[in-house]
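Let's take a friendly walk through this protein chain. Have a look at the sequence and the structure first, and then read on.

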Amino acid sequence: MNQTTFVNTFKEVQNKMYFLAKRLLSSSDEAADAVQEVMVKLWEKKDNLSSINNKEAYAMQMTRNYSLDRLKSKQASHLKIVHNNYEYDERNAQEELERRAQVKLVQKMIKELPEQYKTILELRDIKQYDFESIEQIMGMKSTAVRVSLSRARKMLKEKLESHFKADIA
């Protein structure tokens, strides 16, 4: 694989890699460093990449693994896993406050999910990845991904229902 092919292959994937790393590492600088390190590793493996069918999923899996390794390292012990939601336009102040409260509530509940459920939920429902890509990123079989996603959604739904029942009571 030459430089032009490499750049064309991974140019669009870089943004997705960054957002995955940022979600896991919660720091823009750490996420940018992670993407840079993964890109260097991919470049070093450029001759072996032709045997990989889904290069995007492969790059995303490398990014996820590198980010999780950074979280486990002692020097990155201050980092925490967070999720940033997207912004809406044209809201009044009351709606914006309510939306922020709801986003914080859902973020808090997602944080309470097991790590695997959080990642699969993020990849499928927020980043809109297909199941095949999630399987490759997570290194899981299709049935395991679907079961984990279903359980994550169910756990999140139960947490939301119990929270709102407690608020009403």
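Predicted model: local features only at pLDDT ≥ 70, side-chain atom pairs only at ≥ 80, totals over all residues.

H1 covers residues 3-10 and H3 covers residues 28-44. Their axes come within 11 Å, and the crossing angle is roughly 140°. Angles over 145 degrees would count as roughly antiparallel, and those from 65 to 115 as roughly perpendicular. The pair H1 and H3 is therefore described as oblique.

Which residues make the contact between H1 and H3? From H1 come Gln-3, Phe-6 and Phe-10, while H3 brings in Met-39, Leu-42 and Trp-43.

## The chain as a whole

Now step back and look at the overall picture. The chain has 8 helices and 0 strands, so its pattern along the sequence reads α-α-α-α-α-α-α-α. It is made of 169 residues, and 37% of them count as buried.

What about contacts between residues that are at least 6 apart in sequence? Of these, 66% join residues at least 24 apart.

## A closer look at helix H6

Helix H6 runs through residues 115-126, which makes 12 residues. From its first C-alpha to its last, H6 reaches 16 Å, close to the 16 Å expected at 1.5 Å a residue. Its buried residues are Tyr-117, Lys-118, Thr-119, Ile-120, Leu-121, Glu-122 and Leu-123.

Let's pick out Thr-119, which sits in H6. Is Thr-119 buried or exposed? Its relative accessible area is 1%, so Thr-119 is buried. Leaving aside residues up to four places away in sequence, Thr-119 touches Arg-23, Arg-64 and Met-138.

After H6 comes Gln-128, with a positive phi near 60°. Gln-128 belongs to the loop between H6 and helix H7, which spans 131-138. Most residues other than glycine have a negative phi. Gln-128 has its positive phi although it is not a glycine.

Where Thr-119 is buried, Gln-128 is exposed, because its relative accessible area is 59% and anything over 50% counts as exposed.

Methods
Residues numbered from 1 in each chain as written. Heavy atoms only, no water. Helix = DSSP H or I, 4+ residues; strand = E, 2+ residues; numbered from the N terminus. Buried < 20%, exposed > 50% of the residue type's maximum accessible area, 1.4 Å probe, protein only. Contact = heavy atoms within 4.5 Å. Expected span 1.5 Å × (residues − 1). Axes fitted to C-alpha atoms, helices over the stretch in contact; angles between N-to-C directions. Parallel < 35°, antiparallel > 145°, perpendicular 65-115°, else oblique.
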